[in-house]
Amino acid sequence: MALPAEEWRLCAARRWAALEPELRARLARASLRDTVRLGCGLLRPEAEGAALRRLCRRARTGKEPEAARFYREEGNRLFGRRHYGAAVRLYSQAASHEVPGSPELSVCFANRSAAFFHLGCFEVCLEDIARAESHGYPDKLLPKVLLRKAECLLCLGRLQDAAEALRVVEKKIAMDGIMSSPAHQTLLKRLSQLRIQIHEKESSPEPAREARGDNQRDSETWEENVSISGASSSLSLNFDRERGRHLVASQDILAGQSLLKEEAFVSVLCPGEDLLLQDSRETAWDTRVTTADLYCHHCLRQLVAWVPCHGCSYAKYCSQGCADVAWEQYHRTECSLGALLLTLGVFCHVALRTVLLAGFAEVSRLVELSHHDDEDFCDPETRCKDLSEAPDARVGTSCIPGCNEDGGYQSSYQAVFNLLPHVEKHSPEHKFLCMLSVLAICKELQEAGLEAAVLNQESPEKWCKQKTCEKTSDELSPELKTVAEAMLRHMLQLQCNAQAITVMQESGSEEGAVVNEKPVRLATAFFPVLSLLNHSCCPNISVSFSGTSVTVRASQPIPSGQEILHCYGPHHCRMRVAERQQLLSQYFFECRCQACLDEMESDLKSMVSVRNSFCCPSCQAPMQVGEDMLCCSNKACMISASRESLSHRLWDLQQQNKKALELLRDGKADQAIKMLLKCQVDARNFLSPEHLLMGELEDHLAQVYATLGKWQEAARHLEKSIEIVEMHHGPSSVEIGHELFKLAQILFNGFAVSEALRTIQRAEEILSVHCGPQSTQIQELQDMKTCLSDLPRSVLQRI
């Protein structure tokens, strides 16, 4: 949720409507500094403040022992049913609600280690055992956990460590005395078995495996630009009136060549969509899995055994290292504000974290610069206009906003600060909403005693005493007003400069031999250098993410002098020009890229409209476009149908398509096939053969047949899907690359060697351009190719 919760937006709208017309007019034309100054008295504790407190109670981010007990018991229940993956997630949720250092927290880690052991994740199991010990795992239960440690070490081939762990268990049992309980006897029996297994492995060690040379991946060659951090030396920073700041190829660039590698200045994980756990039940506590449960809140890497924050139940990290860095840099301030930040949305959260990472000294310096006498010149938007109107059009880079005195453009807070906020172009209502949200956070910082942390003061108590006499309890300090102004600036910047960090996330049946992935929005971030790229509905680059870093590659050859162009979302292959222009209006410009101009100047319908059109239910001829009624283009037929009725049929088919996938996830493949085949028959009656839904139905049929191990059937349906995807996205698009990757898996599993090798080759050529040679998919394709190539010639001759 980028913007605040709907209830808060409505509350802000009511407050705006209730203001005096004169005050509304002043706020509408006010600068950022004046907006904050005028708004300080408009956030009423008994009205807007109370409304926020009510909303925050719905976002439960604190430690709750009852929740911990519930999640632990649910984890035990699923562990008993051998649903170890689901049990891991529930034990992790329980750990998030336990108090650090408590025996209950140690039990959560110990239980999770048992689930990881059954999943074969021995290294992670050892990490959780160490966590359980460090948090004071009950002494009487320790032998069982230490025995599990020995088993993990044995499975990992660390025989000396395993033997040492067994000696610790034996010593512990000897100290506790002999017990005759069945559990104790089982423990002793297992200890004896492990001792024998270690002795056998020591007597006949396994031969060491030689490292395969073909598994070594060569890193990409890279020569960094001396003026633009993270950019290739093949790029240069330019400026003109029409395009503003932009990047241009300073030499010929090849398809697939890396152009930019940048770490996000700031990123905030999005809460994401809810996913139901296996066999979850309606309870007082939520057992659903969200994006916030799957990825590290600091580095955005996928979580395996997360480390919870010691102060809240929301923040989760992939390691103690990430937890410590996050706490030091920003989370010690954000921790107690979790519910408020979730209520006010990701944009507000990004704005706060940006100023925390920059540090108050740098924030104050840049805000102060924007208050100089020549304020218009210091405003980046006006400054860009002044530069473009200069007599000498060849402006030096040191004059370009965001560059330092040496003319370098760094991925820094200065670059973030100089991104255009478009203050004059936002609606007054939107600016008012952002202002109220920012002030709500600053007031909470002040009331919670967190002001010193925000301002990087060494002695919070002393600082607070000194400032008490300078302000009333309802008034923000001058320093927090500076913070509020910077945050408001960043919230407005985000509408045009926010970059969604996406990740390919597996979907469908977990048991499927073919990986089906879809792009999911993971986080919202500021990338100062990436933000230099202008939009085109037909871009010449491809963007991929790894954690908090972005890599930009040329998706086609780019000649010297051509601008580097990024697609902000609406691609010309996926959407008609009118729809693209409507979506792009949020960026305050009218797209005049070549794809839009060609489509607007052409009398022909866009190919997107033709491919995704309805056809006549009677003769299957294309339906002519109309406002409310569509008529058959076949003069001999001339059947008409309402757009509403056809759209409803399309919506109903889409719902049936989703239900078929749910049946597949529930293990009801036969029912899924019947439903999908029926959908196909219905779709052919009124949809164009090239409609994207026709491709989705073929793709899902392939997925079902692959689950059943019917590889030839799966390949046949997926090839039909690929034909439709290629019509929509082009033969060298990343979408085709992902589809060919799935086809290669199917052909590999079906032992169709020659077809698999041809498909692997084509998929490699496409995906290496868009994702690079180091990507997971490329490595898997190379592994499949190696496996097939290593088959004995006698076997290949029989295939």
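Trainee: How many helices and strands does the protein chain have?
Mentor: The chain has 34 helices and 15 strands, taken as DSSP runs (helices H or I, at least four residues; strands E, at least two) numbered from the N terminus. This is a predicted model, where local features need pLDDT of at least 70, side-chain atom pairs count only at pLDDT 80 or more, and totals for chains, interfaces and linings use all residues. Residues are numbered from 1 along each chain, and side-chain values use heavy atoms, leaving out hydrogens and water.

Trainee: What percentage of the residues count as buried?
Mentor: Of 799 residues, 50% are buried, meaning under 20% relative accessible area with a 1.4 Å probe, protein chains only.

Trainee: Which residues of helix 5 are buried?
Mentor: Ala67, Ala68, Phe70, Tyr71, Arg72, Glu74, Gly75 and Leu78. Their cover includes helix 6 (84–97) and helix 7 (103–118).

Trainee: And what comes just after helix 5?
Mentor: Arg82, with a positive phi of about 70°.

Trainee: New topic. At what angle do helix 31 and helix 32 cross?
Mentor: The axes of helix 31 (residues 734–749) and helix 32 (residues 753–771) cross at roughly 150° and come within 8 Å; axes are lines fitted to C-alpha atoms over the stretch in contact, with angles from 0 to 180 degrees between N-to-C directions. Helix 31 is therefore roughly antiparallel to helix 32, the word for angles over 145 degrees.

Trainee: Which residues meet there?
Mentor: Among them, Leu740, Phe741 and Leu747 in helix 31, and Ile760, Ala763 and Leu767 in helix 32. Contact means heavy atoms within 4.5 Å.

Note on methods: Parallel < 35°, antiparallel > 145°, perpendicular 65-115°, else oblique.
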